[in-house]
Amino acid sequence: KVVETQVVEKEVEKIVTQEVEKVVEKAAEDFTTPHPILSDQKVRQAIAYCTNRPELIKSVYPFVSDEEQAGLLMDTFIPKTHWAWSGPYEAYDFDKEKGAALLDEAGWKLAEGATYRANEAGETLALKFTTTTAQFRQTWAAVFESNMLDCGIQIIRQHVPASWWFGDTTGLARRDFELGAYAWVGES
């Protein structure tokens with residue numbers, strides 16, 4: 001009787017390498033595939049015009065003076081009082097008519113009597129909005145949702161625990177959102 005040993009290490013290594021390459025390609029695709037709606041600059045600009053930022057601020061800071069509320073409006077993550085701020089930057093003041101016109105141009109029409117806009121294929125203009133469960137975020141998110149409704153955009157709010165939103169393998173880290181909100185702390 002002859003015992004013959006076959007070495008299959010090379011074949012196993014080849015299979016494992018192929019599987020790892022597939023995972024890497026899938027991950028790269030997930031991070032580079034343009035969003036079907038948000039890849040259109042007109043849609044992003046429309047969202048900006050349809051957002052009543054002073055109203056959002058007032059919803060969570062009702063007792064702050066109008067002057068102080070205006071100081072809370074930021075166009076970048078760098079406060080205007082910071083030495084590195086080099087604005088002014090393009091302002092997207094609240095103008096839902098301008099936002100609606102941009103959505104029309106982008107192919108998202110609001111049919112007569114409809115609540116939400118749709119494209120030629122009949123798909124609803126709906127976006128998932130993710131933020132934490134903090135009460136003030138729920139408060140202003142309701143205002144944001146109402147702003148978007150006024151422009152015919154459906155917002156699907158998803159309030160998640162901060163541990164998930166800021167986790168190492170979930171939420172922001174995994175880009176598991178379409179629109180999202182979180183605090184950015186800037187110092188002068």
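Trainee: Is Lys 42 buried, exposed or partly exposed?

Mentor: This is a predicted model, so read every value with that in mind. The middle class runs between 20% and 50% relative accessible area. Lys 42 is at 32%, so it counts as partly exposed.

Trainee: Which side chain does Lys 42 meet in a salt bridge?

Mentor: Start with the idea: side chains of opposite charge can pair when their charged atoms come close. Here the partner is Glu 105, with 3.2 Å from N to O. Glu 105 sits in helix H5 and Lys 42 in helix H2, so this pair links distant parts of the chain, 63 residues apart. Glu 105 counts as exposed because its relative accessibility is 52%, and the cut-off is over 50%.

Trainee: How many salt bridges are there by this rule?

Mentor: Five. One of them joins Asp 176 and Lys 128, whose closest N and O atoms are 3.8 Å apart.

Trainee: What does Arg 117 pair with in a salt bridge?

Mentor: Asp 104, with the closest N and O atoms 2.8 Å apart. Arg 117 is in the loop between H5 and E1 and Asp 104 is in helix H5, so the bridge ties together parts 13 residues apart in sequence. Asp 104 is partly exposed at 31%, whereas Arg 117 counts as buried at 4%.

Trainee: Which backbone oxygen does the Arg 117 side chain reach?

Mentor: That of Trp 108, at 2.6 Å. Leaving out residues up to four places away in sequence, Arg 117 also touches a list of others, including Leu 103, Leu 125 and Cys 151.

Trainee: What does Cys 151 form with Cys 50?

Mentor: A disulfide, with the sulfur atoms 2.1 Å apart. Cys 50 lies in helix H2 and Cys 151 in the loop between helix H6 and strand E2, so the link ties together parts 101 residues apart in sequence. The link is left-handed, with -100° about the S-S bond, and both cysteines are buried. The structure holds one disulfide.

Trainee: And how many helices and strands does the protein have?

Mentor: Seven helices and three strands. From the N terminus they run α-α-α-α-α-β-α-β-α-β.

Methods. Residues are numbered from 1 along each chain as its sequence is written. This is a predicted model: local features need pLDDT of at least 70, side-chain atom pairs count only at pLDDT 80 or more; totals for chains, interfaces and linings use all residues. Side-chain values use heavy atoms; hydrogens and water are left out. Buried means under 20% relative accessible area, exposed over 50%, partly exposed in between (1.4 Å probe, protein chains only). A polar contact is a pair of N or O atoms within 3.5 Å; within protein, one must be able to donate a hydrogen and the other to accept it, and residues adjacent in sequence count only if both atoms are side-chain atoms. Contact means heavy atoms within 4.5 Å. Helices (H or I, at least four residues) and strands (E, at least two) are DSSP runs, numbered from the N terminus. A disulfide is a pair of cysteine sulfur atoms within 2.5 Å. A salt bridge is a side-chain nitrogen of Lys or Arg within 4 Å of a carboxyl oxygen of Asp or Glu.
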